[in-house]
Amino acid sequence: MPFLPTISTFFIALSAILVAIGWVLITKGKKKAHKKVMLSAAVSAILFFIIYVSRTIFVGNTSFGGPDNIEIYYTIFLVFHIILATTGAVFGIVTITLALKRNIAKHRKIGPVTSVIWFFTAITGVMVYLLLYVIYDGGGTTSMLKAIFGF
């Protein structure tokens, strides 16, 4: 299994698990624990993002290495995941900002929506990982720097 994709997938899955724990904590009225766990989930998501972006720039993204007849389905699934992840990140930033600014009424409204989006983002992200590195052998990679600058 490739090191960086495995580590980044671990962090995104961890962030979803921490969000689930945070959700349980807030339903039990444990506000301080909820805050700590949710901020830990955010840090985990940021670590994922840093690893993912670094890998994309310096190593490259792995192309789908599975059968040609299902590549279109993988691509559609990947586009869905990317849209979901982008939406989830925006919702996450807004939700955390609302909480830190003590706008709890709005935070309570958007938090559950953000959590659900994040769970689906994590699930689809793990599925992309499995399709690229576990179920099928990954295709080729080209770093963004090499693609742009030729080195």
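This is a predicted model: local features need pLDDT of at least 70, side-chain atom pairs count only at pLDDT 80 or more; totals for chains, interfaces and linings use all residues.
Residues are numbered from 1 along each chain as its sequence is written, and side-chain values use heavy atoms, with hydrogens and water left out.

The overall layout, then. The protein has 5 helices and 2 strands, and from the N terminus on the order is α-α-β-α-α-β-α. Helices here are DSSP runs of H or I with at least four residues, strands are runs of E with at least two, and numbering starts from the N terminus. Along the principal axes, the C-alpha atoms fill a box of roughly 50 × 35 × 25 Å. Of the 151 residues, 32% are buried; buried means under 20% relative accessible area, exposed means over 50%, and partly exposed is in between, with a 1.4 Å probe and protein chains only.

Next, the cores. A nonpolar core is a set of buried Ala, Val, Leu, Ile, Met, Phe, Trp, Tyr and Cys residues joined through side-chain atoms within 4.5 Å. The largest one has 10 residues: I12, A16, L18, V19, L25, V37, A41, A45, W118 and A122. Two or more residues each come from α1 (3-27), α2 (31-58) and α4 (104-134). Helix α1 gives the most, with 5 residues.

One more residue in α1 is S8. Is S8 buried or exposed? At 6% relative accessibility, S8 counts as buried. Not counting residues up to four places away in sequence, S8 touches F48 and I51.

Now the aromatics. A pair of aromatic rings is described by the distance of the centres and the angle of the planes. Rings of Phe, Tyr and Trp (for Trp, the six-membered ring) pair if their centres lie within 6.5 Å; planes under 30 degrees apart count as stacked, over 60 as edge-to-face and the rest as tilted. The structure holds 6 aromatic pairs. In one of them, the ring centres of F10 and F11 are 5.3 Å apart and the planes stand at 65 degrees, so the pair is edge-to-face. F10 is partly exposed at 48% relative accessible area, whereas F11 is buried at 18%. For Y129 and Y133 the centres are 5.4 Å apart and the planes at 45 degrees, so that pair is tilted. Both tyrosines lie in α4, 4 residues apart, about one turn of the helix, and both are buried. F64, Y74 and Y136 form one aromatic cluster.

Last, helix packing. How do α3 and α4 pack? Helix α3 (residues 68-100) and α4 pack at an angle of about 150 degrees, with their axes 7 Å apart. Axes are lines fitted to C-alpha atoms, for helices over the stretch in contact, and angles run from 0 to 180 degrees between N-to-C directions. The two helices are therefore roughly antiparallel; under 35 degrees counts as roughly parallel, over 145 as roughly antiparallel, 65 to 115 as roughly perpendicular and the rest as oblique. The crossing of α3 past α4 is left-handed, a term for a near helix turned anticlockwise from the far one by less than a right angle, with clockwise being right-handed.

Definitions and conventions
Contact means heavy atoms within 4.5 Å.
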